[in-house]
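Have a look at the sequence and the model first, then read on.

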Amino acid sequence: MRIVIVDDELLTRVGLKSMLDWEAYGYSLVAEVPDGQRALQAIHEYRPDVVLTDIKMPVMDGIQLIQQINQLPFTRPQIIVLSGYNDFAFVKEAMRLGAVDYLLKLEMEKEDLLGALKRIEATLREGAEAEDSKSREQRELERQAITQALLHGKITDAGDLFLNQRHFQIRAFFRMQSKTQGHPEVIQNAIENIAQEIVADVPHARAAYGGDGRFYLLLHGKISPSEQQKKAFSDLCLQINEKVEKYLNVTLGWSPPHYAKGLQELKDAYDKCLSKLVVAEAGYPQSPLMHLHEKPLPRAIRKSLEYISLHYMENISLQDMTKISGLSVSYFGSSFRQHTGYGFVDYLNRIRLEHAKKMLQNTKLKIYQIAQHVGYQNSFYFNRLFKKVEGMTPVEYRNFGLSAKAAHDPKAVD
């Protein structure tokens, strides 16, 4: 800490200088002056952390000095008042004006002076830590604002936020189902806080609320993501899913991952996520399969179900599931059937078809588009599988649904 001594008595100034080995305690005596006016000059020049000042001085006394210090346009130093026995009324006024401590000159020992300085040092340290924490929070809010502006196309330059980070993985997600009673904004903030806590220690990862009930998870790097990095990204999604369901009893719906090379492609990638998310919202299944997410299951099987719910629209293989679950191929197959009542491929197909059925009822997408959205690139195979499971073709199912709507509410099909 930088310290200025102010006293009109030379012996007092000399005594204070010799009372401590200032440098040994990490303190620096930057000036010693005989009055308040000279003290103000020293304060402007050295910007001290502490001013040790007498009260009764010529030219400008200690009270006047404190009043002037209170009007400084920069950070004000902490003030310790040096007083005599008959100065109590002045000391009281000095403390009212902002002095943090006082010392009796005739009784002052090394320990008294050192104790007062240590207390100020602790206060300054706490203030600096609080300010640093506030600055970090402010910087994070600024980063979120810049990222959101990029995703929505409001800006095209992020300054140094993504310096040399030109490859992005992004997914969007939304609150699909909630058994928690509470204000939507409170639940929204809780989801955002959980997601941010999970990614806090992951380099170049960020998660935040993106507006309109949607959240995003973003991971960026200098090079194109490897398969290992893509898996790490998927693991982050699983962790967020797991924690949100555990602590909030909320189920999340996710878009497939999209990749962008450069900031120019980032908005397009996010738009694609949102478009798939709209379809996912329309296709959220309310089927008997959902009870599986509510019953006690071994961790490996629950993790597998969560993975399928996030990636059903992708080309998932049995080998992928063994990596996710940590089980062998044969044991995974038997364990999955034991706890779900379905083989892996059968379960995956049924989840895809549940989503497809909702899309048939709630969107105007063409059949081949719905097939692609739920993970089937071959629309002929999709049609055949759909008829085998549902007893009618996708077109027939859609027409049946429209007829039922029309019977219930003629305006619903306009």
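How many helices and strands are there in the protein chain? The protein chain has 15 helices and 10 strands, where helices (H or I, at least four residues) and strands (E, at least two) are DSSP runs numbered from the N terminus. This is a predicted model, in which local features need pLDDT of at least 70, side-chain atom pairs count only at pLDDT 80 or more, and totals for chains, interfaces and linings use all residues. Residues are numbered from 1 along each chain as its sequence is written, and side-chain values use heavy atoms, with hydrogens and water left out.

**The chain as a whole**
- Of the 414 residues, 45% are buried (under 20% relative accessible area, with exposed over 50% and partly exposed in between; 1.4 Å probe, protein chains only).
- Among contacts (heavy atoms within 4.5 Å) with a separation of 6 or more, 67% join residues 24 or more positions apart.

**Helices α6 and α7**
- Helix α6 (residues 184-199) packs against helix α7 (residues 227-248) with axes 10 Å apart.
- Residues of α6, including Ile187 and Ile191, meet residues of α7, including Leu236 and Ile240.
- The residues of this contact of α6 with α7 divide into 12 nonpolar, one polar and one charged (Ala, Val, Leu, Ile, Met, Phe, Trp, Tyr, Cys and Pro count as nonpolar, Asp, Glu, Lys and Arg as charged, and the others, Gly among them, as polar).

**Tyrosine 270**
- Tyrosine 270 lies in helix α8 (residues 263-282) and is buried, with a relative accessible area of 1%.
- Leaving aside neighbours within four places in sequence, tyrosine 270 is in contact with Leu151, His152, Ile170, Ala172, Gly210 and Tyr216.

Terms used. Axes are lines fitted to C-alpha atoms, for helices over the stretch in contact, and angles run from 0 to 180 degrees between N-to-C directions.
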